[in-house]
Amino acid sequence: MGNGWHEWPLMVFTVLGQCVVGAFIVLAVALLTRRSEEEYRRIHLSMFFLWVLMAVAFIASVLHLGSPLRAFNSLNRLGASPLSNEIGSGSLFFALGGIYWLLAVLNKMPRALGKVWLIVTMVAGVGFVYAMCRVYEINTVPTWDNAYTAFHFGLTVLIGGPVLGYLLLRGADINGCALRLLPLISVTALVVSMCVVVMQSASLASINSAVQAASALIPQYGMLSVSRLVLIALGLGCWICPLILRKRPAIASMVLAFVLVFAGELIGRAIFYGLHMTVGMAVSG
């Protein structure tokens, strides 16, 4: 069976990185709209887990390189190489967010500067996701060099980010009417993702080379895609069902929700890497 599971370090790096970016934006917006010092403190404490997950993501990326020493070499062509830009922008986001968190926890971050810093870090996070997309926009890989790559990466931010962000805010005991928008964002992104799966499935039939058809790369494409969508739907259900019953989701329920969504997105990323198709001459259409 053709699949991309052998690229699991990249799968973990990209999915976790995108979820962390989405969750950071959620927490940053919460911080920008809060007034209570106690709420600030609790949100900052919960933000610690974002940087733990980001560290895990970067460790996974280093494992893909084979040797930790090669991580520094990946920055040699910063500005010219998409890979260098990805690592550089990810490191910038990690550094900005980590330094902000450390100063905030130590009460060394002035409120006005903190707001500007949060906005800059959010922009850096979006830049990191954009740099990820650029890495895979390779004209010799027609199955990646299209809008579906950006859709998949961006939708992971919009599906997984709100779930992780809500989990951390729930752990910080933060309430607010605005939090009700987060499930809507994830559900809308899931619906869009379903449409993208259908459209991409149809488009694969039009990508061929002299020796290979893109539609044959992953024979279980349909089954894997359905499995991914079901896991994500189940995860969102763990989050949304209590809200429908006018109850706050338990922390355990939110942890399960994120685990299911993360597992679903890993399957989606395995499909993505399984569609790698390097060709000398490709015929599309």
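Because the model is predicted, local features need pLDDT of at least 70 and side-chain atom pairs count only at pLDDT 80 or more, while totals for chains, interfaces and linings use all residues. Residues are numbered from 1 along each chain as its sequence is written, and side-chain values use heavy atoms, with hydrogens and water left out.

The secondary structure of the protein chain comes to 9 helices and 2 strands, where helices (H or I, at least four residues) and strands (E, at least two) are DSSP runs numbered from the N terminus. Along the sequence these elements follow the pattern α-α-α-α-α-α-α-β-α-α-β. Of the 285 residues, 49% count as buried, a term that here means under 20% relative accessible area, with exposed meaning over 50% and partly exposed lying in between (1.4 Å probe, protein chains only). Taking contact to mean heavy atoms within 4.5 Å, one finds that among contacts between residues at least 6 apart in sequence, 80% join residues at least 24 apart. The accessible surface of the protein chain comes to about 13400 Å², of which 71% belongs to carbon and sulfur atoms; such areas come from the Shrake-Rupley method with a 1.4 Å probe, and for residues only the protein chains shown count as cover.

Within helix 5 (residues 111-136) lies Thr121, which is buried, with a relative accessible area of 0%. Leaving aside neighbours within four places in sequence, Thr121 is in contact with Phe24, Phe93, Leu96 and Gly97.

The largest pocket has a volume of about 410 Å³. On a 1 Å grid over the protein atoms alone, a pocket is an open set of points where a 1.4 Å probe fits, with protein on both sides within 12 Å along at least five of seven lines, and lining residues have an atom within 4 Å of a point. Its lining is made by 22 residues, of which Ile25, Val26, Val29, Leu182 and Ile185 lie nearest the centre of the pocket. Two or more lining residues come from each of helix 1 (8-32), helix 5, helix 6 (147-171) and helix 7 (181-204), and helix 1 gives the most, with 6 residues.

The structure also holds 6 salt bridges, each being a side-chain nitrogen of Lys or Arg within 4 Å of a carboxyl oxygen of Asp or Glu. In one of them Arg111 pairs with Glu37, the closest N and O atoms being 2.2 Å apart; Arg111 lies in helix 5 and Glu37 in helix 2, so the pair ties together parts that are 74 residues apart in sequence. Arg111 is partly exposed at 31% relative accessibility, whereas Glu37, at 56%, counts as exposed.

A further salt bridge joins the side chains of Glu265 and Arg228 (3.6 Å, N to O), linking helix 9 (residues 251-274) with helix 8 (residues 221-244) across 37 residues. Glu265 is buried, with a relative accessible area of 2%, and Arg228 also counts as buried, at 5%.

Helix 2 (residues 37-65) also contains Phe48, which is partly exposed, with a relative accessible area of 37%. Together with Phe49, Val52 and Val56, Phe48 makes a nonpolar surface patch of about 330 Å²; such patches consist of residues with over 30% relative accessible area and no salt bridge, nonpolar side chains (Val, Leu, Ile, Met, Phe, Trp, Tyr) being joined within 5 Å and like charges within 9 Å.

Technical notes. Points joined across faces, edges and corners; volume = space filled by probe spheres on them.
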